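These entries record what I looked up in one structure.

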Amino acid sequence: MANTFDIVQKLWNLCNILRDDGVLYSDYVTELTYLLFLKMAEETKKEERIPKDYRWKSLTALEGIELLQHYREMLVKLGAAKNPSVQAIFANAQTSLRQPRHLHTLVTNIDALDWYSARKEGLGDLYEGLLQKNAEESKSGAGQYFTPRPLIDSMVALMKPQPGEHVHDPAAGTIGFLVAADRYVKEHSDDLFDLSEDMQEFQRNQAFTAMELVPSTHRLALMNALLHDIHSPILLGDTLSADGQKLDDADLVLSNPPFGTKKGGGGSTRDDFTFATGNKQLAFLQHIYRSLRKPSKGKPGGRAAVVLPDNVLFESGVGKEIRRDLMDKCNLHTILRLPTGIFYAQGVKTNVLFFTRGATETGNTKEVWVYDLRANMPSFGKRSPLTREHFAEFEKAFGGDSRGGESALKKRKDGCATGRLRKFSREGIAKRDDSLDISWLKDENAEAHDELPEPAVLAASAMEELEAIMEDLRGILAELGEDVEEVKA
């Protein structure tokens with residue numbers, strides 16, 4: 001009996017057939033998605049939404065040029081199907097296959113897979129495995145946008161999504177965050193089916209919202225949602241345009257916005273943003289902290305965990321203004337400095353920002369805890385993959401409060417066993433010119449020609465380290481004082 005890994009490997013090997021027919025790496029998974037949707041509908045006995053003449057059996061019954069002609073006609077017809085899910089997945093679909101024999105080989109091989117095992121282990125897991133394979137293939141170009149599953153799982157576990165919460169991803173990709181959040185809710189809610197009918201309906205059809213800009217990626221997201229029994233809105237649109245203004249406020253945002261600047265240099269077209277910028281991550285950050293639900297009637301404010309590159313932490317000008325606004329409106333309680341290379345793109349340096357919406361518009365961030373998981377970490381890749389275990393110590397230091405509450409923060413130790421965790425006051429950050437690009441560990445792996453920070457930043461860093469040392473000394477002296485008193489007594 002085959003397992004998910006074996007089946008994914010067989011599916012990925014079919015990409016050699018696609019390549020022989022001139023299909024680009026970037027189109028591999030899209031081409032397979034069309035065929036997998038039809039086969040999986042047959043396997044799950046949900047073909048009633050597909051017109052009879054265009055179901056999987058219609059492909060296995062043909063060969064040669066008739067097969068290819070029927071397949072091309074099928075894509076057009078399904079793109080106009082009455083069922084909205086079918087129509088969305090096949091919208092503007094077209095095949096790059098030119099040789100009938102290649103299509104026949106694909107159909108035959110997909111039909112021969114161990115679908116019993118695939119159904120047993122989960123068709124959603126099978127499809128996610130295929131998406132991950134695509135990300136690991138450097139030529140596909142998908143890796144820089146694919147968030148590693150161990151990182152997603154860690155972020156979701158720390159944020160603890162709950163039944164009844166509205167979870168949002170404004171740069172959804174293939175909805176990896178929402179799939180993980182849905183899985184977490186189901187695994188940690190024994191009484192999920194004891195909820196009211198209205199709550200069950202909400203959880204199934206409204207709990208998640210996502211927006212994705214790229215049509216081909218949106219298609220993969222729809223397929224992923226369908227296979228994980230998620231029926232919430234997965235929207236095609238631009239969050240940085242008027243589309244984003246229509247999105248509802250969220251209890252939880254989990255996201256990894258795309259890197260780079262907005263194409264054409266035009267920046268966001270949102271007229272509700274306070275700060276205009278062509279930097280996509282800064283624009284997404286504005287959207288995210290503005291979209292978090294404010295505390296009301298005993299209900300806490302919305303929270304977020306967002307992957308962002310280093311430039312968001314130190315960019316001057318409007319970047320500094322946005323960071324200030326974030327720290328005013330939200331409690332930016334934790335920053336995780338991520339290892340380099342985990343996004344299959346050389347040299348990309350990223351972080352996870354954890355913050356919670358405050359009740360007021362100013363002064364919500366009192367201190368920021370920074371955990372350095374970048375310095376002196378291995379070079380991740382196929383030979384040394386990133387695993388959930390790499391986040392174990394950070395998760396322990398983060399604590400059990402998904403909102404970074406004051407009581408939880410007080411339990412953190414300033415400088416855990418490895419010295420990777422430190423606390424920085426809001427006043428101290430202001431002295432750094434509001435730069436959040438904070439590091440203190442000497443990285444033995446860093447290149448000798450790395451650019452040095454500005455002198456003011458270096459000075460502020462030295463002052464912060466000195467203050468931390470003095471605080472430790474005061475603590476030691478206080479403890480010694482208590483010991484002396486005990487001896488006297």
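Where does Leu441 lie? I worked from a predicted model, and in it I found Leu441 in the loop between H20 and H21.

**Entry 1: Leu441**

I checked the accessibility of Leu441 and noted a relative value of 25%. I then listed the contacts of Leu441, leaving aside neighbours within four places in sequence, and recorded Asp372, Ala375, Gly419 and Arg420. I also looked up Asn376, which is 65 residues from Leu441 in sequence. The C-alpha atoms of Leu441 and Asn376 are 8.5 Å apart in space.

**Entry 2: Salt bridges**

I asked how many salt bridges the count comes to. The count is 28. As background, I noted that side chains of opposite charge can pair when their charged atoms come close. I then examined individual pairs.

**Entry 3: Glu43 and Lys39**

I recorded a salt bridge between the side chains of Glu43 and Lys39, with an N to O distance of 3.0 Å. Both residues belong to helix H3, which covers residues 28-43. Glu43 and Lys39 are four residues apart, about one turn of the helix. Is Glu43 buried or exposed? Glu43 has a relative accessible area of 17% and is therefore buried, the cut-off being under 20%. Lys39, at 3% relative accessibility, also counts as buried.

**Entry 4: Arg374 and Asp310**

I found Arg374 in a salt bridge with Asp310, the closest N and O atoms being 2.8 Å apart. This pair links distant parts of the chain, 64 residues apart. I placed Arg374 in the loop between strand E8 (367-372) and helix H18 (392-398). Asp310 is in the loop between strand E5 (303-309) and helix H16 (311-314). Arg374 is buried at 10% relative accessibility, and Asp310 is buried at 10%.

**Entry 5: Arg324 and Asp434**

I noted a salt bridge between the side chains of Arg324 and Asp434 at 2.5 Å, N to O. Arg324 lies in helix H17 (residues 318-329) and Asp434 in the loop between helix H20 (426-431) and helix H21 (455-488), so this pair ties together parts 110 residues apart in sequence. Arg324 is partly exposed at 31% relative accessibility, whereas Asp434 is buried at 3%.

Note on methods
Residues numbered from 1 in each chain as written. Predicted model: local features only at pLDDT ≥ 70, side-chain atom pairs only at ≥ 80, totals over all residues. Heavy atoms only, no water. Salt bridge = Lys/Arg side-chain N within 4 Å of Asp/Glu carboxyl O. Helix = DSSP H or I, 4+ residues; strand = E, 2+ residues; numbered from the N terminus. Buried < 20%, exposed > 50% of the residue type's maximum accessible area, 1.4 Å probe, protein only. Contact = heavy atoms within 4.5 Å.
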